[in-house]
Amino acid sequence: MCFSPLEKKFYFPEEISNVIIECGQNLTLLYDFLSQNSSFYCKNLCLVFYECLEEKDFLQLKEIITDSNFLNLEIFVKYNSHLNEEFIRILGFEFAKLSKLHIHSAPFNKEVLWEGTNLIDIIFSMQIINTFKACGIVKMEHFGANIQKYTESFNHNSCLHKKISIDSEGNIRNCPSMPQSFGNIKDTTLEKALAHPDFKKYWNLTKDKIEVCKDCEFRYICTDCRAYTERTHTDAEGLYISKPLKCGYNPHTGEWQEWSTNPLKEKAINYYKMEELIKK
């Protein structure tokens, strides 16, 4: 049987496809961002909370997001005993734009995925998350095997392309963990930040240009982290093209190992002050 060649073009009309905000409990940064968000259309919003949210907080979020132009909301929040499956099930029915809820620092690991009576994906995790340094881990369960993910990764950077973020201090970045800031949401417009010549410098850095990753069979379905790399290679433009620090896969042997205990990564782990992440 003959098959037509796979179309590898990626097209996404909006300038920004996803937004990440490190929120405080008073939601000030979210309000600051939404006051400017009408300037461009974006469907996907991710809110990261390092502390617990009460029921009233979720109701406030529901009111805020319902009136926004976002279609999909993903939330990371610290575990609280009231976040039981019954409360979340009801929340899923009433909070239409909420599509995924990650509950970190939980006493157990469990996934409750979307199905007929549960309208959001719920992930309970024992992982303690108190900074964005927890992001960037590469593992097979994070791989996205769909045509949009594949074509975007083939043509662009699979993590940073069309992303804008606000860190916990209000700084506008491509990702909350990226070192370069493009102003603060309090006194800089999103348009000005996006127009900065460096804001999009990693957007077209594909896995085919990254050391080790360019030999990996998973490179087009794997999310690439440029905030935390092994810091071994740069290209002619000064971009870091090293393998993601938190990847333990060796494509040359086909073996997975724990990234945090690899002695070859120790220098980069110390550079990023991630010693507390090393598994004993």
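Is His102 buried or exposed, and with what relative accessible area? I looked this up and found His102 buried, at a relative accessible area of 15%, where buried means under 20% relative accessible area, exposed over 50% and partly exposed in between, with a 1.4 Å probe and protein chains only.

Before going on I note that this is a predicted model, in which local features need pLDDT of at least 70 and side-chain atom pairs count only at pLDDT 80 or more, while totals for chains, interfaces and linings use all residues. Residues are numbered from 1 along each chain as its sequence is written, and side-chain values use heavy atoms, with hydrogens and water left out.

**Entry: His102 and the strands**

I placed His102 in strand β4, strands being DSSP runs (E, at least two residues) and helices likewise (H or I, at least four), numbered from the N terminus. Leaving aside residues up to four places away in sequence, I listed Glu74, Ile75, Phe76, Val77 and Ile123 as touching His102, a contact being heavy atoms within 4.5 Å.

I then followed β4 (residues 98–104) to β6, with which β4 pairs in the parallel sense over four bridges; two strands pair if DSSP finds at least two bridges between them. In this pairing Ile103 stands opposite Phe124 of β6. Strand β5 (residues 110–112) also pairs with β6, in the antiparallel sense and over three bridges, and here I found Lys110 opposite Phe124.

For β6 itself (residues 121–124) I checked both faces and found them covered, with Asp121 and Ile123 buried on one side and Ile122 and Phe124 buried on the other. In a regular strand the side chains alternate between the two faces of the sheet.

**Entry: rings**

Phe58 and Phe87 form an edge-to-face pair, at 5.9 Å centre to centre and 70° between the planes. This pair links distant parts of the chain, Phe58 lying in helix α2 (residues 55–66) and Phe87 in helix α3 (residues 85–94), 29 residues apart. Phe58 is buried at 0% relative accessible area, and Phe87 is buried at 15%.

I also recorded a cluster in which ring pairs link Phe143, Phe218, Tyr249 and Trp256.

**Entry: Thr66**

Thr66 is in helix α2 and, at 44% relative accessibility, counts as partly exposed.

Terms used
Phe/Tyr/Trp six-rings, centres within 6.5 Å; stacked < 30°, edge-to-face > 60°.
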